[in-house]
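Hi,

Here is the structure I said I would pass on.

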Amino acid sequence: MVEPKTQPPVERPPSAETFLPLSRVRTIMKSSMDTGLITNEVLFLMTKCTELFVRHLAGAAYTEAFRQQPGETLKYEHLSQLVNKSKNLEFLLQIVPEKIRVHEFKEMLRLNRSAGSDDDDESESGSESDE
Amino acid sequence: MVERIEDLNLPNAVIARLIKESLPESASVSKEARAAIARAASVFAIFVTSSSTALAHKQNHKTITAKDILQTLTELDFESFVPSLMQDLEVYRKMVKDKKESKASKKDSSVAENANASATAAAEEAAE
């Protein structure tokens, strides 16, 4: 697996302004926390870091996708590919799963086979189920 | 608490804007990709929150602090976020402090003598 380059965060001046609505981030945080109290400072930090994450995810997927092939539209596949490759995005594997097409599945099997794997009789039955 | 699952979605327009800002100008984003990023962001927030909560509990704290979040980010392999978040936090803390001070000074000017008197009293108390 190729280790993705660590993406430097998009340059931007530090600021106390947030783009995302704090109330929504609070709701999201409460949905996971067993204790109720969330200080304003923590809420601010969480909002900022979620924003940073959005920038990071988009930027990294874009850089990763268009290093090999030209193109300008960031697609779902680019995201799922990045998620699949990046250790720190492992928590998203179920959230942004890789879609697999029949021909890709066959290609995968072919590669597996040439890499020395021997079970290839599932190629027909397994490949139909996905699309 | 959360009544509808949509309450966990982040606003589309803001997400679109954040994405746009982090890509070159000529780039565009498919609808599906944008939806996936928005979903991922919500899950990220939940993930970091619950990890920070676990960290706080481990230290016998009931609620999470800014420090818990920053430490969690490092542990989750997002340490590249930490420096700029620390800068943001600094700006935020200064803003909160300034707000407090300007509020206090407003109060001071209206009841200047009272405030002064109590401040002196407090100082004396502290000295003892």
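Chain B and chain A together bury about 5300 Å², and 74% of that lies on carbon and sulfur atoms. On the chain B side, the residues that lose the most area to chain A are L18(B), D88(B) and Y92(B), which together make up 11% of what that side buries. Please keep in mind that this is a predicted model. The contact draws on 62 residues from chain B and 55 residues from chain A.

What about the polar side of this interface? Between chain B and chain A there are 3 salt bridges. In one of the salt bridges, the side chains of E32(B) and K99(A) meet at 2.5 Å, N to O.

Which parts of chain B touch chain A? At least two residues each come from helix 1 (12-22), strand 1 (28-29), helix 2 (31-58), helix 3 (66-75) and helix 4 (82-110) of chain B. Helix 2 of chain B gives the largest share of that side, 18 residues. Sorted by class, the side of chain B that touches chain A holds 37 nonpolar, 15 polar and 10 charged residues.

The two chains also pair through strands. Strand 1 of chain A (residues 73-74) runs parallel to strand 1 of chain B, and 2 bridges join them. If you want to find the spot, look for T73(A), whose bridge partner in strand 1 of chain B is S28(B).

S15(A) sits in the segment before helix 1 (22-30) of chain A. A polar atom of the S15(A) side chain lies 2.8 Å from the backbone nitrogen of E17(A). Which residues does S15(A) contact, leaving aside its neighbours within four places in sequence? They are F44(A) and K48(A) in its own chain, plus D88(B) and V91(B) across in chain B.

**Chain B on its own**

Chain B has 5 helices and 1 strand, and from the N terminus on its elements follow the order α-β-α-α-α-α. Of its 128 residues, 34% count as buried. Among the contacts in chain B with a separation of 6 or more, 28% join residues 24 or more positions apart.

Best wishes

Terms used:
Residues numbered from 1 in each chain as written. Chains lettered and ligands numbered in written order. Predicted model: local features only at pLDDT ≥ 70, side-chain atom pairs only at ≥ 80, totals over all residues. Heavy atoms only, no water. Helix = DSSP H or I, 4+ residues; strand = E, 2+ residues; numbered from the N terminus. Polar contact = N/O pair within 3.5 Å; in protein donor to acceptor, adjacent residues only side chain to side chain. Contact = heavy atoms within 4.5 Å. Buried area = accessible area lost by both parts, 1.4 Å probe. Salt bridge = Lys/Arg side-chain N within 4 Å of Asp/Glu carboxyl O. Nonpolar A, V, L, I, M, F, W, Y, C, P; charged D, E, K, R; others polar. Pairing = 2+ DSSP bridges. Buried < 20%, exposed > 50% of the residue type's maximum accessible area, 1.4 Å probe, protein only.
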